[in-house]
Amino acid sequence: MKIIRGFVQGVKPMGTAEKPWAMVGISEVSLNRNGFEETTLHEIMVAGKQYKEGLHNAYRQHEGSEVFAPVRDEIDTYGGKSKIKH
């Protein structure tokens, strides 16, 4: 588990009525080795029990605010390509 520190860009409802889930966008700003700012967008999936408990609504209330979001990384393979999923 790791903590992402950034600003909530928004919350998008996804899925179906039977299997709802949400995507939370968090922008993380950091400095690279030359001192320039870099912005990384993390798309965090909220599903299952966390969705039923309303975790996505907690992020929705903090749109534009800085948050510390605990996330767990997974490797998602789709179409022969792998990517890190939060």
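**Strands and a buried histidine**

Modeller: Welcome! The chain has a mean pLDDT of 89, and 97% of its residues reach 70 or more; pLDDT is the predictor's confidence in each residue, from 0 to 100. This is a predicted model, where local features need pLDDT of at least 70, side-chain atom pairs count only at pLDDT 80 or more, and totals for chains, interfaces and linings use all residues. Residues are numbered from 1 along each chain as its sequence is written, and side-chain values use heavy atoms, leaving out hydrogens and water.

Biologist: Where in the chain is confidence lowest, and where highest?

Modeller: Strand 6 (residues 81-85) is lowest, at a mean of 72, and strand 2 is highest, at 94. Strands here are DSSP runs of E with at least two residues, numbered from the N terminus.

Biologist: What makes strand 1 and strand 2 a pair?

Modeller: Two strands pair if DSSP finds at least two bridges between them. Strand 1 (residues 2-15) and strand 2 (residues 20-31) have eight bridges, in the antiparallel sense, so they meet that definition.

Biologist: How many bridges link strand 2 and strand 3?

Modeller: There are 10, again antiparallel, with strand 3 spanning residues 37-46. Ala22 stands opposite Val46 there.

Biologist: Why is His42 called buried?

Modeller: Buried means under 20% relative accessible area. His42 has 11%, so the word applies.

Notes
Helix = DSSP H or I, 4+ residues; strand = E, 2+ residues; numbered from the N terminus. Buried < 20%, exposed > 50% of the residue type's maximum accessible area, 1.4 Å probe, protein only.
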